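Student: I have a model to go through before setting up a calculation. Can we take it by question and answer?

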Amino acid sequence: MLTSILTLIVDTIASVLGGVLLLRFWMQVVRVRPPTSLGQFIFQLTDWLVRPLRRLLPGVGGYDWASLIGAVLIIVLSIAIDLAIASRLAPDFLVVLSLLRLCEWIFYGFIGLLIIEAIFSWVNPHAPLAPFIRALNDPLLRPLRRVVPLVGNIDLSPLVALILLQIAMMVARAVITSLL
């Protein structure tokens, strides 16, 4: 039971920190600025890791590679701790499980953003965070909106995106687990 508790704590801390690092990277890719309070949270939570990494990995092509590499380092560290707790630390497991967790975090992050946008559209489309979330989802939804027609003035592209993300996650999981 103690191992389960330790694993839960490690995974929770890693998920929050890694998720925020991936969000920071995605904000840079999409070129969107978060609202002030959210931006302060994101930068204060991640600057301790991103700033030193920027000295080693400067932004190339306008992307914040330090945030992405920071997320990968958090994933590798959390998987290594989980495997060490379970007494199964092996390099091949570490690499494959880290790759799998990175893919899962990316897909779940996009799914979460789509769900948040859907909730905003139903509850309060003019909420202060709504334009920020909409801007983060736009690169995913824009191509789908060209293909998926409105049905009775209802945009079904988020539903199609959710289904496609689920399928992509299943395929990625199958491919990555086949490496074991």
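Predicted model: local features only at pLDDT ≥ 70, side-chain atom pairs only at ≥ 80, totals over all residues.

Student: What share of the 180 residues is buried?
Tutor: Buried here means under 20% relative accessible area. The C-alpha trace spans about 55 × 35 × 35 Å along its principal axes. Of the 180 residues, the buried share is 36%.

Student: Which helix supplies the largest share of the lining of the largest pocket?
Tutor: The largest pocket holds about 550 Å³ of space. It has 22 lining residues, with G19, L23, G109, F110 and L113 closest to the centre. Helix 1 (2–30), helix 4 (91–123) and helix 5 (130–147) each supply at least two residues of that lining. The largest share, nine residues, comes from helix 4.

Student: Which helix gives the most to the lining of the second largest pocket?
Tutor: This pocket has about 350 Å³ of space. Its lining has 16 residues, and A118, S121, W122, D155 and P158 lie nearest the centre. Helix 4, helix 5 and helix 6 (157–177) each supply at least two lining residues. With seven residues, the top contributor is helix 4.

Student: How many charged residues does the lining of the second largest pocket have?
Tutor: Again, go by class. The lining holds 11 nonpolar residues and one polar residue. Asp, Glu, Lys and Arg are the charged class. The charged residues number four.

Student: What accessible area does the nonpolar surface patch have together?
Tutor: The patch is made up of V151, I154, L156, L159, I163, L164, I167, V171 and V175. Of these, L159 sits in helix 6. Together the patch residues have an accessible area of about 770 Å².

Student: Why does L159 count as partly exposed?
Tutor: Check the cut-offs. Buried is under 20% and exposed is over 50%, with partly exposed in between. L159 counts as partly exposed because its relative accessibility is 48%.

Methods. Residues numbered from 1 in each chain as written. Heavy atoms only, no water. 1 Å grid on protein atoms, 1.4 Å probe; cavity = no way out; pocket = protein on both sides within 12 Å on 5 of 7 lines; lining within 4 Å. Points joined across faces, edges and corners; volume = space filled by probe spheres on them. Helix = DSSP H or I, 4+ residues; strand = E, 2+ residues; numbered from the N terminus. Patch = residues over 30% accessible without salt bridge, like charges linked within 9 Å, V, L, I, M, F, W, Y side chains within 5 Å. Areas by Shrake-Rupley, 256 points an atom, 1.4 Å probe, with all protein chains shown as cover. Salt bridge = Lys/Arg side-chain N within 4 Å of Asp/Glu carboxyl O. Buried < 20%, exposed > 50% of the residue type's maximum accessible area, 1.4 Å probe, protein only.
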